[in-house]
Number of protein chains: 2
Amino acid sequence: TKIETPEQFEQTKKTILENKIDALVVIGGDDSNTNAGLLAEYFKKEGTSVSVIGVPKTIDGDLKNEMIETSFGFDTATKIYAELVGNICRDVNSARKYWHFVRLMGRSASHITLEVGFKTQSNIILIGEEVLAKNMTLSQVVDSIVGVVVKRSEAKKNFGVVLVPEGLIEFVPEMKVLIAALNDVLAENEPTLRSMANLDEKKNFVYAKLTPQLAALMRSLPYGISSQLMLDRDPHGNVQVSQIETEKLLIDMVKARLSELKKEGKFQGKFSAITHFFGYEGRCGAPSNFDANYCYALGYNAAVLALNGLTGYLSSVRKLIKKPEQWECGGVPLTMMMNIERRKGKEKPVIQKALVNLSGAPFKVLVKNRDNWAMTESYLFPGPIQYFGPSVITDMTTKTLQYEQEKKK
Amino acid sequence: TKIETPEQFEQTKKTILENKIDALVVIGGDDSNTNAGLLAEYFKKEGTSVSVIGVPKTIDGDLKNEMIETSFGFDTATKIYAELVGNICRDVNSARKYWHFVRLMGRSASHITLEVGFKTQSNIILIGEEVLAKNMTLSQVVDSIVGVVVKRSEAKKNFGVVLVPEGLIEFVPEMKVLIAALNDVLAENEPTLRSMANLDEKKNFVYAKLTPQLAALMRSLPYGISSQLMLDRDPHGNVQVSQIETEKLLIDMVKARLSELKKEGKFQGKFSAITHFFGYEGRCGAPSNFDANYCYALGYNAAVLALNGLTGYLSSVRKLIKKPEQWECGGVPLTMMMNIERRKGKEKPVIQKALVNLSGAPFKVLVKNRDNWAMTESYLFPGPIQYFGPSVITDMTTKTLQYEQEKKK
């Protein structure tokens with residue numbers, strides 16, 4: 001829940017005082033830590049001496065900046081997804097007859113997909129942030145996949161693995177516009193829509209409210225996808241991307257394009273596709289050694305910050321690619337990380353999500369390697385998380401962190 | 001491929017002689033080892049001295065009998081699926097707002113689902129063989145799920161985990177009849193159906209060929225499911241159960257039943273469901289220590305059998321719940337394991353699939369515990385396969401094998 005109203009702030013203060021709480025440690029992502037920052041300011045203003053400290057937690061990896069190298073959970077989740085995707089890579093390379101389209105959690109940001117891409121060297125690794133930066137249409141994204149499918153089929157390789165970030169659909173500019181318009185139409189007409197008995201009636205109502213271009217785009221989508229776009233929004237009014245089966249949308253469109261190419265004699269191969277969505281199974285896994293150590297350090301450090309009377313700080317542990325003994329602890333003022341954003345028509349201070357930086361070292365590694373990975377079977381098979389045994393197997397953290405930190409040396 | 005025609009047998013003999021092959025080791029499940037048995041008999045009859053030895057390999061766990069305790073792959077696959085399902089159990093118990101329906105590979109047999117059930121103690125564990133034995137309709141299966149959903153919701157638990165064997169749909173007697181009739185209609189009218197442009201046309205053609213009862217049943221299914229039933233058959237003429245999203249069918253039917261109960265005032269809870277299908281990610285995983293040891297023993301033993309001039313034997317390694325040093329090696333004549341079955345209208349010798357035995361010790365353990373698991377959160381979280389560390393963590397094999405072998409003592 002976002003803490004916004006004066007009543008909510010007062011209620012928080014009341015609870016703190018009644019329970020004689022000295023310190024409040026908020027564990028979460030950008031939204032939770034925005035709350036932490038606002039609460040700290042409020043308590044200071046009210047003269048309440050409680051100390052509020054944030055801890056960066058999200059598997060999505062989108063809470064990071066100069067002082068926060070990563071959030072806990074990202075290492076464990078990407079290791080679990082990479083185990084599964086690696087197994088699928090081994091399967092495609094053995095069966096040699098299927099294309100597997102794997103959608104990966106991560107909300108807006110494509111960090112998880114990028115990291116799982118590094119860990120498995122899958123054939124196609126889509127990055128939402130790149131689609132946005134290049135202003136690509138859905139057809140262009142599909143064409144980029146079709147290009148690889150056709151080229152591999154010419155080498156008698158009618159198989160491969162495609163990684164799709166769940167936020168992709170929101171990054172396609174035309175879809176972004178459609179989703180934003182839909183968010184408004186659904187919010188403004190909630191009672192009317194709620195009274196309608198069936199989905200087709202609701203859709204027709206919505207089509208009439210959209211611009212003709214957007215209505216045409218929505219009508220052009222497969223029935224299942226346009227239905228998923230109509231689903232309930234999350235408490236922040238955003239579409240729940242994990243409910244949209246983007247991988248099926250892409251497969252449908254790839255199939256259609258390939259059958260055109262077949263008619264033109266430009267594709268002689270076969271295309272059978274299988275879908276996966278990995279999300280929930282990576283959120284609650286047993287933590288990797290890295291995450292266990294990192295959490296311990298973050299928590300210990302949060303307590304030290306609070307005991308020293310600091311408030312409005314995010315617990316910060318850095319130099320994470322070194323051994324835990326060499327990690328450096330500190331705190332970052334939450335206000336330093338905040339920007340003003342327009343949300344629901346009002347200006348609000350929020351911690352910005354860190355998306356994949358297209359000028360950053362990790363993305364450059366992808367660009368350098370992806371043409372090779374597309375055409376070959378350079379698959380890596382990371383296997384399951386290990387807790388015992390050689391430290392090179394048990395304690396290594398993410399490639400993303402490694403590439404990001406190495407460039408700083 | 002099934003070796004059946006005289007030409008295929010001759011071709012095999014030719015290849016063996018041309019390449020001066022002394023021994024042929026066939027690694028696979030019931031179909032591959034049926035081939036091994038038939039080839040051994042054929043070579044003996046022809047006076048070819050090649051030795052044919054089979055090795056039991058299938059993740060499905062359905063190649064077993066008095067002399068073959070398990071097939072390799074079953075241990076690894078069930079450990080991978082159990083890691084994922086365990087993580088989901090932890091997630092539902094934390095989020096407390098979703099029902100997760102997990103379909104698991106295993107073709108006809110429910111061994112994988114049963115074993116993953118033991119390893120995770122999920123709330124509902126459906127066993128296809130039980131549905132068949134009790135002659136349950138699809139509605140009765142749905143009612144059994146609805147019963148638990150309603151009871152848990154009365155305890156404010158609008159969440160849980162349901163395990164669905166992918167073969168379930170074939171075990172529901174009415175669906176079994178429908179699928180068998182469909183197999184025939186599709187096979188007999190292949191050219192006509194192939195010439196039809198769209199699916200609805202094909203469906204209408206098929207409805208007219210089915211009995212009115214079966215056509216009505218098929219029409220009553222959700223559109224997606226009836227479409228999946230129309231998909232291409234495998235080379236043996238069987239429906240490919242891994243393509244049928246039984247978990248979605250069940251969710252649709254559970255939802256419909258719950259909304260009736262809501263109107264009658266008999267259900268006040270919420271029901272939001274999320275689906276998973278785990279199959280490919282468990283077939284090509286890095287082998288568990290048990291499977292690595294078992295494979296090594298099976299292969300070594302196969303070579304010993306061949307070197308001793310035996311042919312038509314399946315490599316057998318027993319006492320598998322003891323330490324590898326105490327395992328007992330031997331061979332089982334493949335003919336001993338064969339039965340005559342009618343396939344495509346002809347009598348053929350085949351190795352029978354071992355389905356879940358409802359009088360066996362493992363199923364009895366399920367029956368004894370499932371009412372408790374349904375209402376509580378007795379979840380277990382097995383975590384990822386470990387290769388190093390304490391042997392109680394790294395070397396334990398399946399619960400199924402343990403329960404089966406313990407009763408023999």
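Visitor: What makes β4(B) and strand β5 (residues 160–165) of chain B count as paired?

Guide: In this predicted model, two bridges join β4(B) to β5(B), and the two strands run parallel; because pairing requires at least two bridges, the two bridges found here meet that requirement. Within this pair, Ile124(B) stands opposite Val162(B) of β5(B).

Visitor: Why are β4 (124–125) and β6 (273–278) of chain B said to stand at the edges of the sheet?

Guide: The open sheet of chain B has four strands in the order β4-β5-β3-β6, with parallel pairing; β4 and β6 each have a single partner strand, so one side of each is left without a neighbour in the sheet.

Visitor: Why are α8(A) and α11(A) called roughly perpendicular?

Guide: The axes of helix α8 (residues 173–188) and helix α11 (residues 212–220) of chain A cross at roughly 105 degrees and come within 10 Å; because angles of 65 to 115 degrees count as roughly perpendicular, α8(A) and α11(A) are described in that way. Among the residues making the contact are Met175(A) and Leu178(A) of α8(A) and Leu214(A) of α11(A), and the residues of this contact divide into eight nonpolar, no polar and one charged.

Visitor: How do you know that Cys89(A) is in no disulfide?

Guide: The search of the whole structure finds zero disulfides over all chains. For Cys89(A) the nearest cysteine sulfur, that of Cys284(B), is 10 Å away, whereas a disulfide needs the two sulfur atoms within 2.5 Å.

Visitor: Is Cys89(A) buried or exposed, and what decides it?

Guide: Cys89(A) has 0% relative accessibility, and because buried means under 20%, Cys89(A) counts as buried.

Methods. Residues numbered from 1 in each chain as written. Chains lettered and ligands numbered in written order. Predicted model: local features only at pLDDT ≥ 70, side-chain atom pairs only at ≥ 80, totals over all residues. Heavy atoms only, no water. Buried < 20%, exposed > 50% of the residue type's maximum accessible area, 1.4 Å probe, protein only. Axes fitted to C-alpha atoms, helices over the stretch in contact; angles between N-to-C directions. Parallel < 35°, antiparallel > 145°, perpendicular 65-115°, else oblique. Contact = heavy atoms within 4.5 Å. Nonpolar A, V, L, I, M, F, W, Y, C, P; charged D, E, K, R; others polar.
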